Amino acid sequence: MVFHNLLVQRVLTTLKEKGLEHELIVVDLSKGEHKSPSFLEKQPFGVIPVLDDDGFLIYESRAICRYLEAKHKGQGTELIPSDLKALGLFEQGASIETAYFDPNAAGLAFEKLFKGLFGWGTTDDARVKQLTDKLNQHLDAYEKILSKQEFIGGNQFTLADLYHLPYGSLLFAPPVGLGNLITDRPHVKAWWEKISSRPSWKAVSGQN
Ligand SMILES: N[C@@H](CCC(=O)N[C@@H](CS)C(=O)NCC(=O)O)C(=O)O
């Protein structure tokens with residue numbers, strides 16, 4: 001897994017689900033290319049990914065995925081439902097990922113993996129405990145939700161599930177070593193196995 005391309009993987013998985021051709025232009029973070037004036041013109045926050053769709057530029061990985069789904073509705077997997085109530089549940093699931101999963105899973109990846117990998121300092125054990133406790137608490141809610149519906153945004157696979165894949169996978173990476181937070185909960189485990197075994201994600205994360 002190329003750790004620093006995590007959120008690029010979110011977009012690549014969406015492209016695969018939609019069956020869309022693309023060209024991947026690698027921005028070398030180790031050389032600081034993402035902070036160069038020309039890149040900052042495209043992405044003022046200096047982070048990847050950015051999508052250039054025939055000159056139309058859009059950044060923020062989740063927004064890019066939504067844009068691709070809206071533009072190519074009717075092609076490949078439907079990643080956002082159109083039925084009003086299904087759409088409501090999708091929005092709820094997408095918000096759950098951003099509010100309750102991402103900050104804790106990403107925080108744990110930062111503390112337990114990225115700090116060591118990129119020389120950003122030493123792991124703060126108190127912070128790890130705080131993030132692990134929060135994620136445990138939130139995954140208890142996931143367990144309840146997923147005992148009543150198949151996916152986090154309703155009963156079909158959507159972007160709300162797909163958004164979890166990069167940081168969810170990192171929980172299993174040896175330096176993080178917290179895959180048990182997922183596998184200890186039967187419904188969360190079944191959901192995770194379903195979403196992480198999609199051919200799109202397997203291809204993008206190099207598990208094939
Ligand atoms: N909210 C942004 C986050 C993007 C992000 O943090 N990208 C990381 C790579 S996965 C990055 O470019 N980090 C470089 C840095 O922070 O300097 C998104 O979803 O696109």
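The legends below describe close-up views of a predicted model.

In this predicted model, local features need pLDDT of at least 70 and side-chain atom pairs count only at pLDDT 80 or more, while totals for chains, interfaces and linings use all residues. Residues are numbered from 1 along each chain as its sequence is written, and side-chain values use heavy atoms, with hydrogens and water left out.

**View 1. Residues around the ligand.** Ten residues surround the ligand, each with a heavy atom within 4 Å of it. The closest are H34, K35, I48, E60 and S61. The shell holds five nonpolar, three polar and two charged residues (Ala, Val, Leu, Ile, Met, Phe, Trp, Tyr, Cys and Pro count as nonpolar, Asp, Glu, Lys and Arg as charged, and the others, Gly among them, as polar).

**View 2. Polar atoms facing the ligand.** A polar side-chain atom of E60 is 2.8 Å from a ligand nitrogen atom. Ligand oxygen atoms lie 3.1 Å from a polar side-chain atom of H34 and 3.2 Å from one of K35. Of the 510 Å² of accessible area that the ligand has on its own, the protein covers 73% (Shrake-Rupley method, 1.4 Å probe).

**View 3. Two domains.** Domain 1 spans 3-71 and domain 2 spans 84-204, with bounds from an automatic or database domain assignment. Their centres, taken over C-alpha atoms, are 21 Å apart.

**View 4. A salt bridge.** R10 pairs with D102 in a salt bridge, with the closest N and O atoms 3.9 Å apart (side-chain nitrogen of Lys or Arg within 4 Å of a carboxyl oxygen of Asp or Glu). Across the interface of domain 1 and domain 2, the rule finds six salt bridges.

Methods. Polar contact = N/O pair within 3.5 Å; in protein donor to acceptor, adjacent residues only side chain to side chain.
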